[in-house]
Amino acid sequence: MNGSEALIRELARDLDPVQPIPRIRTVMTGVITLWLAVAVIGLTVLGLRPDLARAMLGAGGVAVVFAGLGMAGLGGVAAALAMGVPGREGLARASLALAILGMLIAAGVGSLLFALSPVAEARVSWTRDLACLVVAVLVGLLPAIGVVWFAGRASPFRPVIAVLAAAAGAVALGAITAGASCTHSEMRHLLVAHALAPAFGALLMTLPLLVALKRFRRAGRGQLVDSSSSSSLGDSEPRP
């Protein structure tokens with residue numbers, strides 16, 4: 001082994017083998033398709049709110065809350081994916097900013113609507129709040145796992161933030177689904193069970209998704225090592 005080969009081995013010793021994920025646009029399409037499929041199944045089971053259009057447009061600001069959730073969902077998913085692709089740091093920062101802005105819009109407008117709601121407004125029970133939160137998390141679970149799986153095939157440069165973005169984004173999409181089936185119009189319920197769902201989901205799902213990310217990365221690394229070993233054995237065989 002000459003000096004150049006030794007230097008290359010020394011420099012590459014601590015590098016993690018990674019696999020580039022497909023194009024972000026392609027993965028985003030797959031994740032959104034997965035969310036829509038889960039949402040359709042969920043809405044088939046739970047039913048669509050009969051007066052959904054009137055509920056969204058009737059009370060000023062309700063549609064803005066769900067628009068914020070949409071921004072948080074798309075931004076969070078895109079940020080988590082971009083953090084696993086070298087050279088896409090700009091997209092990751094922009095997407096993360098979009099997700100944070102969407103969460104702030106949803107929480108801010110939801111808080112304002114709650115503050116302006118009549119004192120005598122009928123209160124929805126906390127069990128109903130919990131039910132909508134559970135729906136949001138369950139609908140967002142598979143998309144979140146999908147995002148983390150794709151990111152784990154590469155090597156996110158900020159894994160904790162990537163997982164937080166994936167969890168919050170996926171649950172934001174789940175909260176939109178929960179809102180489409182929810183028949184409650186009380187503003188405290190809108191704030192707690194829908195506008196704040198991405199924050200609750202991120203707190204709940206981050207640790208399990210971090211564990212999943214490490215396992216996905218370890219599995220991808222093992223496949224790369226096996227592939228490299230097979231390639232090396234093939235190269236070392238004598239040629240006729």
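Predicted model: local features only at pLDDT ≥ 70, side-chain atom pairs only at ≥ 80, totals over all residues.
Local features need pLDDT of at least 70, side-chain atom pairs count only at pLDDT 80 or more, and totals for chains, interfaces and linings use all residues. Numbering starts from 1 along each chain as its sequence is written, and side-chain values use heavy atoms, with hydrogens and water left out.

View 1. Helix H2 covers residues 24–46 and helix H4 covers residues 62–82 (helices are DSSP runs of H or I, at least four residues, numbered from the N terminus). Their axes come within 10 Å and cross at roughly 135° (axes are lines fitted to C-alpha atoms over the stretch in contact, and angles run from 0 to 180 degrees between N-to-C directions). On the H2 side you'll find Ile 24, Val 27, Met 28, Val 31 and Ile 32, up against Leu 74, Val 77, Ala 78, Leu 81 and Ala 82 of H4 (contact means heavy atoms within 4.5 Å). Sorted by class, that contact has 10 nonpolar, no polar and no charged residues (Ala, Val, Leu, Ile, Met, Phe, Trp, Tyr, Cys and Pro count as nonpolar, Asp, Glu, Lys and Arg as charged, and the others, Gly among them, as polar).

**View 2. H2 runs roughly parallel to H7.** Here the axes sit 10 Å apart, at an angle of about 25°.

**View 3. H4 packs on H7.** The two axes come within 7 Å and cross at roughly 145°. From H4, the residues in contact include Phe 66, Leu 69 and Gly 70; their H7 partners include Ala 162, Ala 165 and Gly 169. By class, the tally is 13 nonpolar, five polar and no charged residues.

**View 4. A look into the second largest pocket.** Its volume is about 160 Å³ (the space filled by probe spheres set on grid points, joined across faces, edges and corners). A pocket is an open set of points on a 1 Å grid over the protein atoms alone, where a 1.4 Å probe fits, with protein on both sides within 12 Å along at least five of seven lines; lining residues have an atom within 4 Å of a point. Around this one sit Leu 46, Arg 128, Ala 131, Cys 132, Val 135, Ala 178, Ser 181, Cys 182, Thr 183 and His 184. H6 (126–153) and H7 (159–181) each supply at least two lining residues, and H6 has the largest share, with four. The lining splits into six nonpolar, three polar and one charged.

Definitions and conventions:
Parallel < 35°, antiparallel > 145°, perpendicular 65-115°, else oblique.
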